[in-house]
Amino acid sequence: MDSIQVGDRVPEFSLKDQEGNFFDIRKYLGKKILVIYFYPKDGSLSCTRQACYFRDLSDVFEETGTMVIGISQQSVESHKQFTEVNKLNFTLLSDPDNSVRNSFGVPSKLFGLIPGRVTYVVDRSGKVVYMMDSQHNVQKHVDESLKIILVLKKTDMD
(Lines give C-alpha, C1' and ligand atoms only; values in the text may rest on other atoms or scores of the structure.)
Protein backbone atom coordinates (compact mmCIF):
# COMPACT_ATOMS: atom_id res chain seq x y z
CA MET A 1 0.00 0.00 0.00
CA ASP A 2 1.13 3.55 -0.75
CA SER A 3 1.94 5.75 2.19
CA ILE A 4 -0.35 8.57 3.26
CA GLN A 5 0.95 11.90 2.00
CA VAL A 6 0.15 15.55 2.58
CA GLY A 7 -3.23 16.28 1.00
CA ASP A 8 -4.59 12.77 1.61
CA ARG A 9 -7.52 12.06 3.89
CA VAL A 10 -6.51 10.31 7.12
CA PRO A 11 -7.60 6.65 7.20
CA GLU A 12 -10.41 5.83 9.60
CA PHE A 13 -9.50 3.42 12.38
CA SER A 14 -10.41 2.16 15.82
CA LEU A 15 -7.91 0.80 18.37
CA LYS A 16 -7.71 0.28 22.12
CA ASP A 17 -6.11 3.03 24.20
CA GLN A 18 -3.89 2.67 27.26
CA GLU A 19 -6.98 2.21 29.44
CA GLY A 20 -8.37 -0.60 27.29
CA ASN A 21 -11.14 1.58 25.82
CA PHE A 22 -11.85 1.67 22.11
CA PHE A 23 -10.75 4.89 20.44
CA ASP A 24 -12.52 5.66 17.15
CA ILE A 25 -10.87 8.37 15.06
CA ARG A 26 -14.25 9.27 13.49
CA LYS A 27 -15.34 10.72 16.85
CA TYR A 28 -12.66 13.42 16.55
CA LEU A 29 -12.60 14.19 12.82
CA GLY A 30 -14.13 17.59 12.20
CA LYS A 31 -13.77 18.58 15.84
CA LYS A 32 -10.04 18.70 16.57
CA ILE A 33 -6.70 19.11 14.91
CA LEU A 34 -4.90 15.80 15.34
CA VAL A 35 -1.24 14.93 15.73
CA ILE A 36 -0.91 11.23 15.05
CA TYR A 37 2.53 9.87 15.59
CA PHE A 38 3.80 6.35 15.07
CA TYR A 39 6.74 5.32 17.20
CA PRO A 40 8.79 2.12 17.50
CA LYS A 41 8.56 1.03 21.14
CA ASP A 42 7.42 2.02 24.62
CA GLY A 43 10.32 2.74 26.93
CA SER A 44 13.12 3.09 24.40
CA LEU A 45 15.28 6.18 24.89
CA SER A 46 14.15 8.07 21.77
CA CYS A 47 10.50 7.11 22.13
CA THR A 48 10.48 8.20 25.77
CA ARG A 49 12.14 11.49 24.86
CA GLN A 50 9.55 12.14 22.14
CA ALA A 51 6.57 11.23 24.35
CA CYS A 52 7.83 13.37 27.22
CA TYR A 53 8.34 16.34 24.90
CA PHE A 54 4.73 16.01 23.69
CA ARG A 55 3.73 15.86 27.39
CA ASP A 56 5.79 18.94 28.25
CA LEU A 57 4.08 20.97 25.52
CA SER A 58 0.60 19.60 26.19
CA ASP A 59 -0.74 22.99 27.34
CA VAL A 60 0.13 24.52 23.97
CA PHE A 61 -1.48 21.65 22.09
CA GLU A 62 -4.62 21.92 24.22
CA GLU A 63 -4.82 25.69 23.72
CA THR A 64 -4.87 25.14 19.95
CA GLY A 65 -7.59 22.48 20.14
CA THR A 66 -5.17 19.74 19.16
CA MET A 67 -5.29 16.13 20.27
CA VAL A 68 -2.03 14.14 20.38
CA ILE A 69 -2.23 10.41 19.62
CA GLY A 70 0.72 8.03 19.80
CA ILE A 71 0.52 4.61 18.10
CA SER A 72 2.78 1.57 18.38
CA GLN A 73 2.34 -2.18 18.39
CA GLN A 74 2.89 -2.68 22.12
CA SER A 75 0.02 -3.97 24.24
CA VAL A 76 -2.53 -1.92 26.16
CA GLU A 77 -0.72 -2.95 29.37
CA SER A 78 2.64 -1.76 28.02
CA HIS A 79 1.10 1.59 27.03
CA LYS A 80 -0.52 1.96 30.45
CA GLN A 81 2.80 1.39 32.19
CA PHE A 82 4.63 3.73 29.77
CA THR A 83 1.99 6.39 30.47
CA GLU A 84 2.18 6.00 34.24
CA VAL A 85 5.99 5.92 34.47
CA ASN A 86 6.35 9.04 32.30
CA LYS A 87 3.20 10.85 33.47
CA LEU A 88 1.94 11.10 29.89
CA ASN A 89 -1.30 13.01 29.44
CA PHE A 90 -2.35 12.05 25.95
CA THR A 91 -3.72 9.01 24.14
CA LEU A 92 -1.57 6.01 23.28
CA LEU A 93 -3.10 3.38 21.01
CA SER A 94 -2.18 -0.27 20.74
CA ASP A 95 -1.83 -1.53 17.15
CA PRO A 96 -0.68 -5.12 17.84
CA ASP A 97 -0.97 -6.38 14.27
CA ASN A 98 0.26 -3.09 12.73
CA SER A 99 -2.99 -2.78 10.75
CA VAL A 100 -3.24 0.98 11.29
CA ARG A 101 0.51 1.46 10.75
CA ASN A 102 0.09 -0.40 7.46
CA SER A 103 -3.01 1.59 6.46
CA PHE A 104 -0.90 4.76 6.78
CA GLY A 105 1.96 3.10 4.90
CA VAL A 106 4.49 3.83 7.66
CA PRO A 107 7.74 2.21 6.54
CA SER A 108 10.03 0.08 8.68
CA LYS A 109 13.70 0.96 9.01
CA LEU A 110 16.97 -0.98 9.22
CA PHE A 111 15.99 -3.76 6.80
CA GLY A 112 12.48 -3.96 8.27
CA LEU A 113 13.68 -4.62 11.81
CA ILE A 114 12.60 -1.32 13.41
CA PRO A 115 9.11 0.17 13.02
CA GLY A 116 9.31 3.63 11.50
CA ARG A 117 8.75 6.92 13.29
CA VAL A 118 6.34 9.13 11.35
CA THR A 119 4.27 12.08 12.57
CA TYR A 120 1.15 13.42 10.83
CA VAL A 121 -0.79 16.62 11.46
CA VAL A 122 -4.42 16.30 10.41
CA ASP A 123 -6.64 19.36 10.08
CA ARG A 124 -10.24 19.52 11.24
CA SER A 125 -11.48 18.34 7.83
CA GLY A 126 -9.50 15.10 8.16
CA LYS A 127 -6.83 16.06 5.64
CA VAL A 128 -3.14 15.43 6.31
CA VAL A 129 -1.44 18.84 6.20
CA TYR A 130 2.01 17.79 7.40
CA MET A 131 4.09 14.66 7.78
CA MET A 132 7.58 13.94 9.01
CA ASP A 133 9.39 10.63 8.54
CA SER A 134 12.56 10.46 10.63
CA GLN A 135 13.92 8.05 13.20
CA HIS A 136 16.21 10.74 14.60
CA ASN A 137 15.76 14.17 16.12
CA VAL A 138 12.53 13.20 17.84
CA GLN A 139 12.00 16.68 19.27
CA LYS A 140 11.79 18.04 15.73
CA HIS A 141 8.65 15.92 15.20
CA VAL A 142 7.00 17.85 18.03
CA ASP A 143 8.41 21.29 17.14
CA GLU A 144 7.50 21.07 13.46
CA SER A 145 4.00 19.78 14.25
CA LEU A 146 3.45 22.70 16.58
CA LYS A 147 4.60 25.21 13.92
CA ILE A 148 2.08 23.78 11.45
CA ILE A 149 -0.70 23.82 14.05
CA LEU A 150 -0.02 27.47 14.89
CA VAL A 151 -0.28 28.34 11.18
CA LEU A 152 -3.57 26.39 10.96
CA LYS A 153 -4.95 28.25 13.96
CA LYS A 154 -3.88 31.60 12.51
CA THR A 155 -5.65 30.87 9.22
CA ASP A 156 -8.75 29.75 11.18
CA MET A 157 -8.83 33.17 12.82
CA ASP A 158 -8.33 35.20 9.62
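Val128 is buried, with a relative accessible area of 0% (buried means under 20%, exposed over 50% and partly exposed in between, using a 1.4 Å probe and protein chains only). What you have here is a predicted model, where local features need pLDDT of at least 70, side-chain atom pairs count only at pLDDT 80 or more, and totals for chains, interfaces and linings use all residues. Residues are numbered from 1 along each chain as its sequence is written, and side-chain values use heavy atoms, with hydrogens and water left out.

**Around Val128**

- Val128 sits in strand β9, which covers residues 128-133 (strands are DSSP runs of E with at least two residues, helices are runs of H or I with at least four, and both are numbered from the N terminus).
- Skip its neighbours within four places in sequence, and Val128 is in contact with Ile4, Gln5, Val6, Gly7, Asp8, Val10, Tyr120, Val121 and Val122 (contact means heavy atoms within 4.5 Å).
- Arg9 is 119 residues from Val128 in sequence, yet their C-alpha atoms are 6.0 Å apart in space.

**Overall fold**

- The chain has 5 helices and 9 strands.
- Going along the sequence, they come in the pattern β-β-β-α-α-β-α-β-α-β-β-β-β-α.
- The radius of gyration is 14 Å, close to the 15 Å from the globule rule for 158 residues, so the chain is as compact as a globular protein of that length (the radius is taken over C-alpha atoms, and the rule is 2.2 Å times the number of residues to the power 0.38).
- Along the principal axes, the C-alpha atoms fill a box of roughly 45 × 35 × 30 Å.
- Take the contacts between residues at least 6 apart in sequence: 67% of them join residues at least 24 apart.

**Surface and charge**

- Of the chain's 158 residues, 51% count as buried.
- The accessible surface is about 8,000 Å², with 51% of that belonging to carbon and sulfur atoms (areas come from the Shrake-Rupley method with a 1.4 Å probe, and for residues only the protein chains shown count as cover).
- There are 20 positive and 21 negative charges, and their mean positions are 1 Å apart (Lys and Arg count as positive, Asp and Glu as negative, while His and the chain ends are not counted; each charge is placed at NZ of Lys, CZ of Arg, CG of Asp or CD of Glu).

**Cysteines**

- The disulfide count is 0, a disulfide being a pair of cysteine sulfur atoms within 2.5 Å.
- For Cys47, the closest cysteine sulfur is that of Cys52, 11 Å away, which is too far for a bond.
- Cys47 is buried at 1% relative accessibility, and Cys52 is buried too, with a relative accessible area of 13%.
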